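Subject: Structure for your review

Dear colleague,

Please find below the structure that I am handing over to you.

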Amino acid sequence: MEGKASKELFKDVIDKGLCTLCGGCFGFCPYLAFHTERIVRLHQCTLSEGQCYQYCPRTSTDLNAINQQVFGVPYGEDEIGIAKKVFLARSTDKEIQQKAQDGGVVTSLLSFALTEGMIDGAVETKLDDEKVPHGFIARNREELLECAGVSYEPSPVLEAINHLPKESTEKLGFVGLPCHVASLSKMKVSPPANRANIENVKLTIGLFCGWTLSHGFHQFLHNRFDISKAIKFDIPHHPAHSFDVYTKSETQSVDLDELSPFINKACSYCFDMTAEFSDISVGSGRTMFKGWNTVIIRTKAGAEILEIAKGRHAIETQHIPADSLTNLKRASLNKKKKALQNIISMTGGIDDVLYLGISQNLINTLLE
Amino acid sequence: MSNIEIDAPGTTQFLLGNEAIARGALEAGIGFATAYPGTPSSEIMATLAPIAKKMGFYAEWSINEMVAFEAASAASLSNIRALSSMKANGVNVIADFLVNLQMTGVGKGLVLVVCDDPGGMTSSNEQDTRPIAKWLNIPLLEPSTAQECKDMTKWAFDLSEELGMVCMVRSVIYLSHTRGNVRLDQLPKKKKEAYFADIYDLDNPRQSRFTCGMQFHPYKQSEELLKKFSKASEKCESSPFNCYEGPDKAELLIITSGICWTYSVEAVKILNLQDKVGVLKLGVTWPLPEGFVKKYLERSQKILFVEEIAPFVERSVMEFVANLPPDRTRPTLYGKRSGHVRAWGEQNLDLVIQSIASVMGITYQSRQSRSVEYSQKVREISQTLPNRPLTFCPGCPHRASFWAIKNALQLDGRNGFVTGDIGCTAMGMISPGSFQVRTYYAMGGGVGIAGGFGHLGQFGFTQPVIAVCGDSTFFHASIPGLINGIWNQSNFILAILDNDATAMTGFQPHPGTGVKATGELGEKVSIEALCRSLGVNVEVCNPFDIKKTTATLLKLMAGVGGTQVVIMRRECELVRARRDRKKLYQMYVEPNRCIGEACGCNRLCARIFSCPGLVWDREAGKAKIDDAVCAGCGLCADICPQGAIIREAV
Amino acid sequence: MKDLTKDPITLIIAGVGGQGNVLMSFLIGSALVSQGYFVSIFDNYGASQRLGAVASHIKISKEASNNSPLLHEGDADIIVGLEPVELLRNLGRFGNPDVMTITNTRAIYPIGVISGEAEYPDLDRALEIIGKLSAKSWIIHATEEALKLGNPIFANVILLGALIGSCTLPLDKSSMEAVLKEQLPNVFEMNMVALNRGLELVGQ
């Protein structure tokens, strides 16, 4: 039987250009490391089966198994996944609003959960001194605030979970991109051996994502204007076509097309825009609702925390207009179509759709 | 262990071949001894240095063999008997000076002792240095026993003085490291006075002597050298170290030298061929004692040459046989050319027995092979025995250094590599050094070749290059290569693995250790100060801090280029243990935390980290510390991904 | 000076670098030389130091002879093993139906075994085979005994005691005592305890 460990991980995923640097494969064993936007093999692992391969979101993914685990029903092939409720929301906390990308809902929910003792820590992304994103566990509001905002870069967030000591009993919240959530979901389906209990992750928040940028974009921007004082990056929605850099005093922009060389190619094979396996998915409120988040509630756990937070006035909500929802669904569907097309271009035919465990029916529908 | 300074002529001491050489030098009234560590020669200086002050002579571990030999020559040009000892590769290093020394000759006796390593057990190569004697017309003596090591070294000084030229005494590892009964002779009590006589003659400036009276005309000096050398032939012809043992007319004449004589003599005994086979021992193998050889050659139809490694004596005798008058029947010559004697590697008793038996057309059965059942049983079990490959000692800082180097090269991801050098660091080629060394040549070779790689950028070369050398090697040979790299702006990193010792050869001191051969203290030469004075960026780190060392290497590799130096400094564990006499930590494995073969570990410690003190318990499926071997350095605790290896301060 | 049962008597001391193999052979040789014999020893240390395979070849004669320092195939009269696999290895080359062996029972694992690439033979079976391949054999738990005395390095002196007690060599306890005193004065008492323990273990 062909082995499925680190060697195969490189053959089937990394060398094929599918790796989105989610970090699901490392932080647990000494054989894999992360350096300058690459997963690196340090030593030769001779195992025939490894967790690195098993939990990678770009190896064979049993969507039904995940759906059963998270939602209790089979995979539904919906454009934005299982969505109990979709609405707009934002934080009521002024400090969070200032630091937030859009509505501050993620920071708000996690801060609320921390304060209430529902979780002991939140697995987040934090920028190091060289502004490189890493996985980080925030254990209080201050630390959480430091992680607020979007970096637009891939972040190996899952390493923070992977190298938790086996005995850890900390209840955790988690925020990540769709690929992070997919990897985490695989872990929930088959809990990893010799590690901290994956059931400790009580709340999973997924962010909407189209693609990420490689770190080089910083230097590119810096050649245009001084980004050392930047406090936020933002990509405003249609009809704008720019990448905005905010400082305390002003905003600078470049045309979005200029950043296309930095778009990570691996993202073009990604099937999930809205993080379909999270408890709650959060995205921008789009141009119409600047300063708000679009929120999708998927599970009971997600609904519960949102109700409690709303009841305590930590966040406020409003209805999402029908056409906004339509646009969202269309955008998500487009991503699926593009991903499938790119995958088929790579493999040469619909017989091999790489990691996507989707039905022939869905394939046909998407290709129409 | 042995007492070589004892003044008791006629008594017996139990000496190593190398100790006997040292004693021979003492009995010859030596005043000056120099060496650079090199197995199998190191014991000569290690024996002489501690007694130098007491016995009234000067002894020094020089920075390299070239300087050692030059210094010894100075003494011999100044009325002081001098000796310089080295391994075969050292002769390569002194070759240029030696060529020129032959042009001038010497005053008082100068003896060059060379210890070869047939089989290359302790060397980067296998080398027979004897041909250099023929090339440069140097009298060459080959002792065969510990007693001869002493007696022939002593004689070499006399011979050197009588001829006015350096004399070479050649030993091999099997002789240098053999201990035997040695009967001592007298120790001279003559006072030594040094003076260099070739001074400026103000009244006759044109006639001022120039080192031993030679004028500076190379062709004239060549002529002089040949004249001197013919005198050597006369003296060596009658040497008592050439001898014959066997029947008057031997069916087979074995011509042999060095330790191979003892193999030959014993082989003849074992084969019970004492009345058919004669053994001719040559104590002087260059110039060939032709008269002596001719006498016995004429009485035998078969000649077998037993020597190591090259067919040196074989070829000399062949030349001689070719010159015999045409009416003489030529004997059949057996040796390396005919394939009867192995032409590579060391000789041993078994091989010589086989060679003689095959020439004589007989078969030999040993005590083992006579019993078929025994032979079979023993062969079966032998095939199942695991080998013992070389490893870094438990606690060795090089294990940590190469671990960090490997991590850094993998993280960097541009297929960078290590150019290696001689010494303990050479084991970077194999498992204990994570198989990191990719090139391996001679002393200083690492930095030199790295300097070349560092200039290939214009052809698209992007692979980072790390030259690795030890502290003693750095002083011996790496400095010119480093300066060349800096001056020519070559892109490479020189990693000096400074464990404060010349470890591989037995912990001899060097300018960086602050102790001299005689035990006296000296001002340490600071490697980083030396490097910084060359204007190069120097980082110093502790290899046991693997994280920091890896980060430093990555930083250097990602840097703008040019030559950079990193010193990975931590004391050799054997030196530390010998001094402190206790472990740093008590180590143990917490079995409940060890996940061994499971994903997340895959036996990283036993399979890849590779320390002999950390063993794999197959039955329990866990790692375990072997207390009898573990040095207690604590490094493995940082390697274990599960934190299962515990270190407790002692 | 006693006559020798054969001339030369050949002896191999086999072990792993760092066990004090070279010292042990030096002590044996010095003691025998002090008794008037002619001894040659070849030690293959050097790159084999530190956990490499080490073997000393010892030849003992009544008169000066020019025997080679090396044994040849099947030529060992006695083999002392500081480590079981090394004893077996030397039995393989130098053993014969008349050989007498003294073995320490403590294994030292080569790197290849530790990493899982090679197998170390089952110890009990190895000791059994040693017994079968020797005319006479003594099994000594020298490392265990040495640990009782406080340091595994004493294993070599314990085996020295066993060697004397085995009466396979014309080696006097008194000449060994004198050599120990002269060569290692600072640890003389401990060494004598170890030496006597070795003698005890072979029933002397």
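This is a predicted model: local features need pLDDT of at least 70, side-chain atom pairs count only at pLDDT 80 or more; totals for chains, interfaces and linings use all residues.

Contacts between chains

Two residues are taken to be in contact if their C-beta atoms, placed from the backbone, lie within 7 Å. There are 2 pairs of chains in contact, and of these chains B and C share the most contacts. Chain A and chain C, by contrast, do not touch; the nearest C-alpha atoms of these two chains are 12 Å apart.

Where chain A meets chain B, 17 residues of chain A are in contact with 13 residues of chain B. On the chain A side, two elements each give two or more residues, namely strand 1 (32-35) and strand 2 (38-41). Strand 2 of chain A provides the largest share of that side, with 3 residues. By residue class, the side of chain A that touches chain B divides into 9 nonpolar, 6 polar and 2 charged residues.

Chain A

Chain A is divided into two domains: domain 1 (6-214 + 263-342 + 352-367) and domain 2 (217-261). The C-alpha centres of domain 1 and domain 2 of chain A are 24 Å apart. Contact between these domains involves 10 residues of domain 1 of chain A and 9 residues of domain 2 of chain A. On the domain 1 side, the residues divide into 4 nonpolar, 4 polar and 2 charged.

Chain B

Chain B contains 21 helices and 24 strands. Its radius of gyration is 28 Å, close to the 26 Å that the globule rule gives for 650 residues, so chain B is as compact as a globular protein of that length. The C-alpha trace of chain B spans about 85 × 80 × 60 Å along its principal axes. Of the 650 residues in chain B, 55% are buried. Among contacts in chain B between residues at least 6 apart in sequence, 78% join residues at least 24 apart.

Four domains are assigned in chain B: domain 1 (12-207), domain 2 (243-360), domain 3 (397-579) and domain 4 (582-649). Taken over C-alpha atoms, the centres of domain 1 and domain 4 of chain B are separated by 48 Å.

Yours sincerely

Terms used: Residues are numbered from 1 along each chain as its sequence is written. Chains are lettered from A and ligands numbered from 1 in the order in which they are written. Helices (H or I, at least four residues) and strands (E, at least two) are DSSP runs, numbered from the N terminus. Ala, Val, Leu, Ile, Met, Phe, Trp, Tyr, Cys and Pro count as nonpolar, Asp, Glu, Lys and Arg as charged, and the others, Gly among them, as polar. Domain bounds come from an automatic or database domain assignment. The radius of gyration is taken over C-alpha atoms; the globule rule is 2.2 Å times the number of residues to the power 0.38. A residue is buried if 20 or more other C-beta atoms lie within 10 Å of its own, exposed if 12 or fewer, and partly exposed in between; C-beta atoms are placed from the backbone.
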